[in-house]
Structure formats: C-alpha cells, structure tokens
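User: I am new to this one. Please take me through it in short questions and answers.

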Amino acid sequence: MTSRFQWFYQALGALAAVFICLTLLIELAIIVGRFAHFQIDGGDAYAGYFMAAGSFLALAATLRQGDHIRVTLILQRLHGKPRVWVEIFCLAVATLLTAYFTYYAGKLAYDSYIYHDISQNTDATPLWIPQLSMAVGLFGLFVAFAEEFVYVLRTRRLPREESGEMARTE
C-alpha cells in the first residue's frame, strides 16, 4: 500500500530518533556529571520529556512499517471476507480511539499553555512543550490508522500479511 503521507510518517520517525538520541546524550551527561561532581538541574526531567517525545512521535512510523505488536490470535484464524470485516472493525475502533486521545492530548497541551503550567522539578519547564510532542505523535498515529482504515474499506484488501505482501480476498 503506497501512502500519500509517507513523508509525514518518515519525518515523525526521524524526529523520534532525534529525541531518543537526545535521551541517550542527556543520560550520559548525567552519569558523567556524577563522576565529575556536577549536577545538571532538571536533567532527569528532560530525559523523561525526550523519551516520551521519542516514543509518541514514533507511533505512526512503526504502525506504517508493520512493527506494532498486534494481537492476531483471532485474525490469523480468519480468511477471506470475514477477516477483512474484522480488520475493518478493528481499524475503525483504533481510528476512533486515537482521534479521542489526540483531541484530549491537544487539549491538555493547550490548557497547559493557557494556564502557564510549569514542571514542578527544578527545570520549571512550561509543560505544554513536552505535551505537544504527545499530541503531535498521537495525531500522526490517527492519520496512519485513518489512512489504513479507508484503504481496507475501499479496496477490501488487507494492507499487509505476515510476509509483508498485500492479501487479496474475494
């Protein structure tokens, strides 16, 4: 299945990789700081922010590459049209749930911005900044689920099988 939004998923995946690398770098700086007897104020908080950003921003890219863990206990036993319809149901539920989570993650970041919420750690970071990565990552996941849902609904074909090839059901 070719995607119109592949550039978007790849950009989110690349940004996620940057944040994961930043997590590593800040943790290394904290470790070195302990040996050199200096402390990075808020270092643990920033490591947490970077790890959360990396995790959420990677969601869409991993879904599109088929790397999400899926429970296929029932799906693998179904073939043909029943499998397609169960897949459509699952994708519809996933799309609705990610839309719900995306809305409330965006609302959380917006409310934190409006009310000037700051971290209670020594870093005093405005909380909307790390929360924004969660909202953007969930939005990417919503787009990926919605695109897959529309594809399966329109074509009655599964986007991928275990072998990575398209499955044709008639």
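User: In which helix is Ile-31 found?
Analyst: This is a predicted model, where local features need pLDDT of at least 70, side-chain atom pairs count only at pLDDT 80 or more, and totals for chains, interfaces and linings use all residues. Residues are numbered from 1 along each chain as its sequence is written, and side-chain values use heavy atoms, with hydrogens and water left out. Helices are DSSP runs (H or I, at least four residues), numbered from the N terminus. Residues 6-35 form the helix that holds Ile-31: helix 1.

User: What is the relative accessible area of Ile-31?
Analyst: Buried means under 20% relative accessible area, exposed means over 50%, and partly exposed lies in between (1.4 Å probe, protein chains only). Ile-31 is partly exposed, because its value is 41%.

User: How many residues has the largest nonpolar core?
Analyst: A nonpolar core is a set of buried Ala, Val, Leu, Ile, Met, Phe, Trp, Tyr and Cys residues joined through side-chain atoms within 4.5 Å. Tyr-9, Phe-145 and Val-152 have the most contacts inside the largest one. Its count is 19 residues.

User: Which helix gives the largest share of this core?
Analyst: Helix 1, helix 2 (43-57), helix 3 (59-64), helix 4 (81-114) and helix 5 each give two or more residues to this core. The largest share is six residues, and it comes from helix 5.

User: Which residues are linked in a network of salt bridges?
Analyst: A salt bridge is a side-chain nitrogen of Lys or Arg within 4 Å of a carboxyl oxygen of Asp or Glu. Arg-64 meets Glu-147 at 3.9 Å, N to O. Arg-64 also meets Glu-148, at 3.1 Å. The network links Arg-64, Glu-147 and Glu-148.

User: Where do Lys-107 and Asp-111 both lie?
Analyst: Their side chains meet in a salt bridge of 3.1 Å, N to O. Lys-107 is partly exposed at 35%, and Asp-111 is partly exposed at 25%. The two are four residues apart, about one turn, in helix 4.
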